[in-house]
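Please look at the chain shown below, and follow its backbone slowly before reading on.

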Amino acid sequence: GGSSGGGGGVELIVNDDSRSHHAEWASALAGIHGAFLVHSPNLHEVRAYNRAAQFANAEYAAFLHDDSDMRDPHWLARAVALFKRHPGMGLLGGRSGKLDDGDKMEVRQVKNVPGYTPGPMWMNLSPKYGLHFQDIPYVEEKTGIPFQFVYKTQGSPLIVKRKTFLKLGMFQTGLSCPGNPALSFEHEYSIRNWKHDYKVGLYYSYVFELDGNAGGPALGLSDANNTMKQLSAWRHNNLMLYYMYPDFHHAQGSKLVKKAEARKGGEAFACDKVNEHERTFVNQLQIHGCAAGFLDKLQQMFRPMPKPKGLLLWE
């Protein structure tokens, strides 16, 4: 879900698994129609997403990390417009995506990590698209929204058709045991959509972390133990995708993306228009306050562009 501050026909479901801050959440959500505060054990964010989707009544569900900072008040409306434009789409990512069409596999060399042996990550080496990565190469002609189909997307946010999400079995919890990092579960759900004839898309949500980064937490490699835990889980889950989808992932599945993009054909026009759209978006932002250094980050993301007038913080 999500909210623009007053409900507006949107459900807002907050899962509090920390057993704290009840009074703060209750106060923040007071008076918002369609807002729900759910207390649950700390069983992993993936299980919380699944439970929230079953609890909700909305046609679409947007899954957000707890440190998400929504800086465009129309991020969800644009997502819904894309779902209506592409009724065969089951999943839309707002951070980044890949095509998995490279001819090499990725090897992540990390030295001096006790217990971790560098080697294949069981992940195709191909470009990423989205915020902080390569530009989304197309803009929808009828909606004016930068958009492309991708083989795998990564959140936050992850936006789904709720009925399709329930039909396909929701997020795979076997890749995210309690206490382990949430790695590759959105990739698995992306692949599952393509396998069952649903498409996966990518757009710019302009959802940031509270520290100013785009979309979701970075892979934490702060110390040797954490590095080993993160990369070992990542390698294991990536390998499991090949066992779960034999003769489909990734070579056959990625071909479906190119076919879908080819059929979209004349509905999109290319990248010089993308930059124009982004500059227009930045010029329309209205600032009520911003984190230190954010304007510099905007300039890096959207250059060349006029200096933005401000930023609308969406809370």
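Helices (H or I, at least four residues) and strands (E, at least two residues) are DSSP runs, numbered from the N terminus. This is a predicted model, in which local features need pLDDT of at least 70 and side-chain atom pairs count only at pLDDT 80 or more, while totals for chains, interfaces and linings use all residues. Residues are numbered from 1 along each chain as its sequence is written, and side-chain values use heavy atoms, with hydrogens and water left out.

**Backbone features**

Most residues other than glycine have a negative phi, and most peptide bonds are trans. Against that background, the loop between strand E12 (152–154) and strand E13 (158–161), where Ser156 lies, deserves attention. A cis peptide bond joins Gly155 to Ser156, with omega about 20°, and the peptide bond from Ser156 to Pro157 is also cis, with omega near 5°. Pro157 has its place in the loop between E12 and E13.

Two residues other than glycine have a positive phi, as the table shows.

| Residue | Phi | Relative accessibility |
|---|---|---|
| His132 | near 75° | 47% |
| Ser184 | near 75° | 5% |

His132 lies in the loop between strand E9 (128–130) and strand E10 (139–140), whereas Ser184 is found in the loop between helix H4 (162–167) and helix H5 (185–195). Buried means under 20% relative accessible area, exposed over 50%, and partly exposed in between, with a 1.4 Å probe and protein chains only. His132, at 47%, therefore counts as partly exposed, and Ser184, at 5%, counts as buried.

Two strands pair if DSSP finds at least two bridges between them. An open sheet of three strands has the order E9-E6-E12, and its pairing is antiparallel. Because E9 and E12 stand at the edges, each with a single partner strand, one side of each is left without a neighbour in the sheet. From one strand to the next, the twist averages 25°, where axes are lines fitted to C-alpha atoms (for helices over the stretch in contact) and angles run from 0 to 180 degrees between N-to-C directions. Strand E6 (residues 96–98) is joined to E12 by three bridges, and these two strands run antiparallel; in this pairing Gly97 stands opposite Thr153 in E12.

**A residue in helix H4**

Is Lys163 buried or exposed? Lys163, which is found in helix H4, is exposed, with a relative accessible area of 75%. Lys163 and Asn57 are 106 residues apart in sequence, and their C-alpha atoms are 9.7 Å apart in space.
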